[in-house]
Structure formats: structure tokens, C-alpha cells
Amino acid sequence: LLMPGNICAHTHFYGAFARGLYIPGPAPKDFPEILRRLWWTLDRALDDDGVLSSALVCLVDAIRNGTTTLFDHHASPAHIDGSLDIIAGAVEAAGLRAVLCYEVTDRNGPAGAAAGIAENVRFIKAQRARRARWLRTDRPEQGEAVLLSGLFGLHASLSLSDETLAQCVAAAEALGEVGFHIHAAEGPADQEDSLARYGLRTIDRLRACGVLGPRSIVAHVTAIDGWEMASLRKSGSWVTHQPRSNMNNAVGVADVPAMLRGGMSVLLGNDGFSNDMFAEMKTAYLLHKVWRNDPRAMPGNQVIDMAYRHNARLAAQHFPRPLGEISVGAAADLILLDYCPTTPLTADNLPWHLLFGVSGSHVTHTMVAGKWLMKERALLTLDEAAIAAHSREVAGATWARFWEMSGE
């Protein structure tokens with residue numbers, strides 16, 4: 001089965017080191033505790049080696065599962081400067097495509113926020129300069145070498161003051177034509193914080209601050225009302241859905257069926273879960289049926305449309321050739337799957353084969369920009385065994401710092 005490579009609209013490479021990590025004390029009781037005791041400690045424990053190693057682990061996983069373009073949202077507060085270049089180098093070594101950003105937040109003080117802003121600005125400018133050099137070439141095929149792009153990363157409303165948001169918006173406006181990548185209303189805590197501190201619901205606050213727009217990605221939105229949904233629609237912002245993560249963090253379910261009914265641009269991401277996007281599609285298909293108590297909710301063709309057509313439209317803002325489709329002139333980002341259907345396979349029933357028959361383990365070949373990254377399940381650009389072995393060492397050292405910060 002020949003298919004276009006999958007696209008992941010929201011992920012976190014650094015989350016790779018959370019697999020198997022013991023969190024001291026009782027289990028976190030809600031999402032704010034998960035943030036404080038897991039993610040905001042893990043990201044502070046990262047050093048440059050950890051940034052590189054966790055990225056490489058995820059890139060191996062992406063190639064194996066046929067995910068060829070990823071929108072990553074990065075944080076490493078102790079090692080901000082140049083962190084996006086480290087990830088970019090890993091992406092180019094792997095041969096995949098990625099749109100990178102650094103998460104600006106106030107939780108590490110004014111200096112940390114300023115460094116995050118500077119890292120976004122520096123990286124976006126660098127990638128634009130590279131793209132400009134390509135545009136001056138007389139070899140159009142060189143466009144296939146464009147593997148990287150940038151967005152302006154923000155953590156969430158609950159960790160950003162009005163002053164810092166204003167600085168971010170000003171920096172982005174100075175760049176021109178750049179979007180933000182932010183978590184928003186990921187559960188009730190973000191709403192409660194925004195209402196208590198600013199008298200506005202989360203999406204209303206982000207709209208007032210100038211964050212929303214047709215180039216911005218707003219992740220999760222599991223706790224918004226109809227007015228906020230209308231604001232997102234009117235602004236043209238992209239909304240990303242991460243059902244596995246939302247279930248794991250118990251932050252609620254985004255009303256994706258209503259958003260799609262309203263013609264909104266809803267995307268599919270994984271929030272740092274495995275890069276088997278077929279698994280994310282399956283979860284989206286099932287979750288909304290349970291949540292709505294209606295087997296008609298979130299039909300398969302809607303899930304596949306979101307994962308392919310919508311995700312590809314987002315990617316088109318960042319790369320010179322169409323992605324997510326097999327057509328003349330599109331980027332040669334392709335995957336082959338060893339899928340032997342036991343029932344008839346047609347264009348009309350393909351979504352339900354993908355949802356009920358296919359997984360990332362069926363991917364045998366992965367190609368990006370006409371270059372094979374995996375053939376017959378053998379990786380060609382990355383040394384998987386060496387990356388895994390080094391990752392175990394680096395993760396162990398990162399965990400030791402994590403436990404020290406946690407008071408263990």
C-alpha cells in the first residue's frame with residue numbers, strides 16, 4: 001500500500017525521556033500537578049546531550065511508523081540558547097521534516113522568558129535565510145531539501161503574563177508572517193487561572209493579546225465554550241487534537257465534531273506519544289463515540305480527513321511543495337505498508353481499513369524528498385541501536401537530576 005507520509009501537528013521530542021520515569025511521592029491528582037512534578041522538572045533536567053538524544057529517539061520512531069513531518073514544541077530551561085539548532089541538526093541527519101519552536105514561559109523568571117523569545121527569533125530568521133538562498137537557486141529540485149521551518153513557541157496562558165505575551169507578539173510582528181504554537185485550555189486549570197487573574201477566558205485573552213491568527217497553532221482546547229470556539233474559527237487559527245494525551249492527563253475531550261461541523265481547521269497531533277499516527281487516528285475515532293455516547297460521532301472519513309487533508313494544509317504554510325498527497329509536483333514524502341487486506345479495499349472504504357487494519361508496524365519503507373530513510377524496515381540514515389544505547393545512558397543521567405530536583 002503506497003501512502004503519503006503521515007504528519008504530526010503537535011508533539012514534544014523531549015517527552016521521550018518520560019517513558020518509565022518514576023515520579024516520587026503519590027500519583028499526581030490533576031493536570032497542574034502533572035505539569036509541576038513531571039514536565040516542569042523533566043525539562044529543567046535536560047542538558048544539550050539530553051535535547052539531542054531525546055530528539056533522535058523520536059525521529060527513529062517517526063521513520064519506523066511512517067511519520068515524515070512533525071511540528072515540535074520544545075522546552076529545556078537550563079539549556080535554551082541553540083537548543084533548536086541541536087534538534088534541527090538531528091532532523092536533518094534523519095532526513096525528516098520538522099517545524100520547530102521554543103516554549104516561552106514565565107516560570108523560569110524574566111531571563112528565561114527573554115532567552116526563549118530570543119531563541120525563537122534567532123531560529124526563525126536562520127531558517128528564512130536558508131529558504132531565501134534556496135529561492136535564489138536555478139535548480140528547482142533543490143526545494144526538496146527544505147526540511148525545516150519555525151514557529152514562535154509559547155507555553156500556555158497560565159504561565160505567561162500580559163507583559164511577556166506583549167513582548168512575544170511584538171517580536172513576532174517584527175518578523176512578519178509568523179504564527180504562534182501554544183497550549184490553550186488544556187483542562188480547567190488554564191481557564192480558572194485566566195479568569196481569576198485577567199477576568200477573561202483563555203481563548204478570549206489570547207485573542208485580545210494578538211496570539212490567534214491563520215498561522216497560529218492552538219493545542220488541545222478541551223475546556224472552551226461556544227464563544228471561544230467562535231473566536232478560534234473567526235481568527236482562522238489551527239486547532240490540534242491529541243486524544244491519547246488528553247485521556248492520559250484526564251483533561252477532558254475537545255469538541256472536535258462541533259469544530260469540524262463549523263468548518264474549523266482541526267488537526268491531529270500526538271503531544272509526545274508514539275509517532276504511530278495510525279494509533280492516534282484510532283483513538284480519535286473511538287474517544288468521541290464514548291464521550292458523545294453515540295456510535296455515529298466522529299466517523300472514519302472525518303478522522304482521516306483531519307489527519308491527512310487538514311494536516312497537509314498546515315504543512316503547506318511551511319514547505320515549498322504540497323505534502324500529504326500523492327500527485328504530480330507534490331513532495332516525494334511517501335511510505336509503503338505491508339498490508340494484505342482480508343476484505344475488499346477501495347477508495348471509498350480506505351478510512352476504515354486504516355482505522356481497523358493498519359498500524360505503524362505495517363510500514364516497511366519511508367521516503368522524504370525522494371530519499372529513502374528506511375527500506376524493508378532497515379533504517380538508512382540513523383543508527384537505531386547506537387541511538388537507543390546512548391539514550392539509556394543520557395536518560396539515566398537526566399533522571400538522576402530529575403530526582404535530585406524532586407527532593408529524592
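Biologist: What should I know about the numbers before we start?

Modeller: Residues are numbered from 1 along each chain as its sequence is written, and side-chain values use heavy atoms, leaving out hydrogens and water. Since this is a predicted model, local features need pLDDT of at least 70 and side-chain atom pairs count only at pLDDT 80 or more, while totals for chains, interfaces and linings use all residues.

Biologist: OK, why is Asp333 called buried?

Modeller: Buried means under 20% relative accessible area, exposed means over 50%, and partly exposed is in between (1.4 Å probe, protein chains only). Asp333 has 3% relative accessibility, so it counts as buried. You'll find Asp333 in the loop between helix 12 (300-315) and strand 11 (334-337). Helices (H or I, at least four residues) and strands (E, at least two) are DSSP runs, numbered from the N terminus.

Biologist: What makes the link between Asp333 and Arg97 a polar contact?

Modeller: The rule wants a pair of N or O atoms within 3.5 Å; within protein, one must be able to donate a hydrogen and the other to accept it, and residues adjacent in sequence count only if both atoms are side-chain atoms. The side chains of Asp333 and Arg97 make theirs at 2.6 Å. Contact in the wider sense means heavy atoms within 4.5 Å. Beyond its neighbours within four places in sequence, Asp333 has contacts including Met3, Thr68 and Leu323.

Biologist: Arg97 sits in strand 4 (residues 97-100). How do you know that both faces of strand 4 are covered?

Modeller: In a regular strand the side chains alternate between the two faces of the sheet. In strand 4, Arg97 and Val99 are on one side, Ala98 and Leu100 on the other, and all are buried.

Biologist: Why do you speak of a nonpolar core?

Modeller: The name goes to a set of buried Ala, Val, Leu, Ile, Met, Phe, Trp, Tyr and Cys residues joined through side-chain atoms within 4.5 Å. The largest such core has 106 residues, and Phe152, Leu154, Phe278 and Met281 touch the most other members. Helix 2 (residues 48-65) gives the most to this core, with 8 residues.

Biologist: Last one: why do Glu33 and Arg37 count as a salt bridge?

Modeller: A salt bridge is a side-chain nitrogen of Lys or Arg within 4 Å of a carboxyl oxygen of Asp or Glu. Glu33 and Arg37 meet at 3.3 Å, N to O, so they pass the 4 Å rule. Both lie in helix 1 (residues 31-45), 4 residues apart, about one turn of the helix. Glu33 is buried, at 14%. Arg401 and Asp47 also form a salt bridge, at 3.4 Å, and this pair links distant parts of the chain, 354 residues apart. By this rule the count comes to 18 salt bridges.
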